[in-house]
Amino acid sequence: MSSKTINQVVIVGGGTAGWLTAAILATKLNCRDSKSVQITLVESPTIPILGVGEGTWPTIRNTLQMIGIDESEFMRECDATFKQGAEFVNWRDTPIDGETHSYFHPLSAVFHSAYDFNLAPYWLLGSSPLPYDHATTSQSRISQLGLAPKKITTPSYAAIQNYSYHLNANKFAEFLKKHVTNKLGVKFISANVTQVHLDEEQHINRLSTDIEQDIIGDFFVDCSGSKALLIGDALNVGWHSIDDVIFNDTALAMQVPYPDENTPIASHTIATAQEAGWTWDIGLHNRRGVGYVYSSRHTSDERAEEVLRAYIGDQAEGIEARKIPLNLGYRKQFWKGNCVAIGMSAAFVEPLEASAIFLVEAAANMLADTFPRHKSSLGFIESSFNKTFKLRWDKSIDFIKLHYCISNRADTAYWRDNVDPSSIPESLKLKLEQWKYQPPTKYDFDYAFEPFVLDSYLFVLYGLGYSTNLAADESRYNDNKIAQAKFSEINLLTQRLIDELPTHRQLIDKVYQFGFQSI
């Protein structure tokens, strides 16, 4: 084979990003075939996995199925539960006298607004008395009632209501590691990278390690997290900070046990707005993962821990809070030469919408689908990858900022600063101006690779009470009978699901005991 053929891929760093990337590449490139690309993953035995991200997107179901993982086994091994979306508590208004407001961003829409029928204008004109998230989908009410998205008789990976998972990130990485090395032909080396060597073209060609073994490769994937050993240290690719848009630069995390084995498990992330950030509350099989993401410019670490412990209550007693600094932003290049960064080495935006693992999936899939077997292809694919992922991250930042910048909260400097126009990206400002007099449509989302689509924006906009004035345009929306029929259909579906679906805890216990039937 030509000396310019790319045969050896080296992934630096394990964790979810490294092992998931290895799994996707090994499967799609058929690395068990000796004529295909060979993959080596080198992971430090001394650097702990960050292991914070416990939320996923529904895409993970396709990924797990594609790489040959049994759903029931995965759930048992990773303490996993089902996720049907997120509930946002106290984001719209400042809570008064213990009162709360919440809305859901579910994973299912019965009628997709971009393709089926956009119910938003009819809801705005009063065709349904229910909140937007309850009027337009069944899943918000299903989640609120503590019900599961499927039954034990539903086959593996199939869904009645769309779902993803909450999982133990450390256990997930170990589970993937075992699967990838035992079944997908990936070579594993436990070592610390001590030096990165470049050739005359400024491409990486080998790594020195602390076990007196050089690792030679043709293409390298940087999954070394915030250390960015390859893309940052060796290739000097700069970092674009977004701390002027997204303020939350620190997190405190705690693992909270359930009072007993029959405690209900929420099938959605609970994100509660606080004075200088928000708390997450995620139900795993054996515990809750609870944390506070906050802005260090607007509060102290001591006060943040007070807020977190007050949220948890008496169960927080005796539990240590782990502090995690967050570096907000993205690389000025995600791909340079023969190296691509995936995971936190590439970018990080706070975990409000659990997009981190999804964007690892997206990057690994694009790398696999466009993989350059010849070095002459590197330039074209580098350019395409960089454009695509700058778009993905910019769009993600816009959507995360949306949750803050249209809030009515003004009780602290944190919330006042978040609605300051100087902190809002111009691309989002333009859309918000448009949406004052017309609800979002599919034409506002014109890129195939936008991570957050029309329905997601609608749930957040109208969950937060954004005002869209249709007074001058009411005559356009004259399909009232169709709208009423669809609202009624959603209500009927909701009632049927309430009667048929088990509680989330009931289903989880059965999955762990019996498992799903295979498709």
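Are phenylalanine 88 and tryptophan 91 buried or exposed? Select both in this predicted model. Phenylalanine 88 is buried, and tryptophan 91 is buried too.

**Aromatic pairs**

The structure holds 36 aromatic pairs. Go to phenylalanine 74 and phenylalanine 175. Their ring centres are 6.3 Å apart and their planes stand at 50°, so this pair is tilted: edge-to-face would need over 60 degrees. Now colour the helices. Phenylalanine 74 belongs to helix α3 (residues 71-77), while phenylalanine 175 belongs to helix α7 (residues 169-183), so the contact ties together parts 101 residues apart in sequence. Phenylalanine 74 has a relative accessible area of 0%, so it counts as buried. Phenylalanine 175, at 9%, is buried as well.

Return to phenylalanine 88 and tryptophan 91. Here the ring centres lie 5.7 Å apart, and the planes meet at 85°, so the pair is edge-to-face.

**A cluster**

Next, select Trp57, Phe358, Phe399, Trp435, Phe445, Phe452 and Tyr457 together. These residues form one aromatic cluster.

**Charges over rings**

Pick arginine 61 and tyrosine 163. The charged end of arginine 61 sits over the tyrosine 163 ring, 4.1 Å from the ring centre. Then pick lysine 486 and phenylalanine 111. Lysine 486 lies over the face of phenylalanine 111, 4.0 Å from the centre of the ring.

**Last stop: a loop**

Select glutamate 212. This residue is in the loop between β9 (204-209) and β10 (215-216). Its relative accessible area is 83%, so glutamate 212 is exposed.

How values were computed: Residues numbered from 1 in each chain as written. Predicted model: local features only at pLDDT ≥ 70, side-chain atom pairs only at ≥ 80, totals over all residues. Heavy atoms only, no water. Helix = DSSP H or I, 4+ residues; strand = E, 2+ residues; numbered from the N terminus. Buried < 20%, exposed > 50% of the residue type's maximum accessible area, 1.4 Å probe, protein only. Phe/Tyr/Trp six-rings, centres within 6.5 Å; stacked < 30°, edge-to-face > 60°. Lys NZ or Arg CZ within 6 Å of the ring centre and 35° of its normal.
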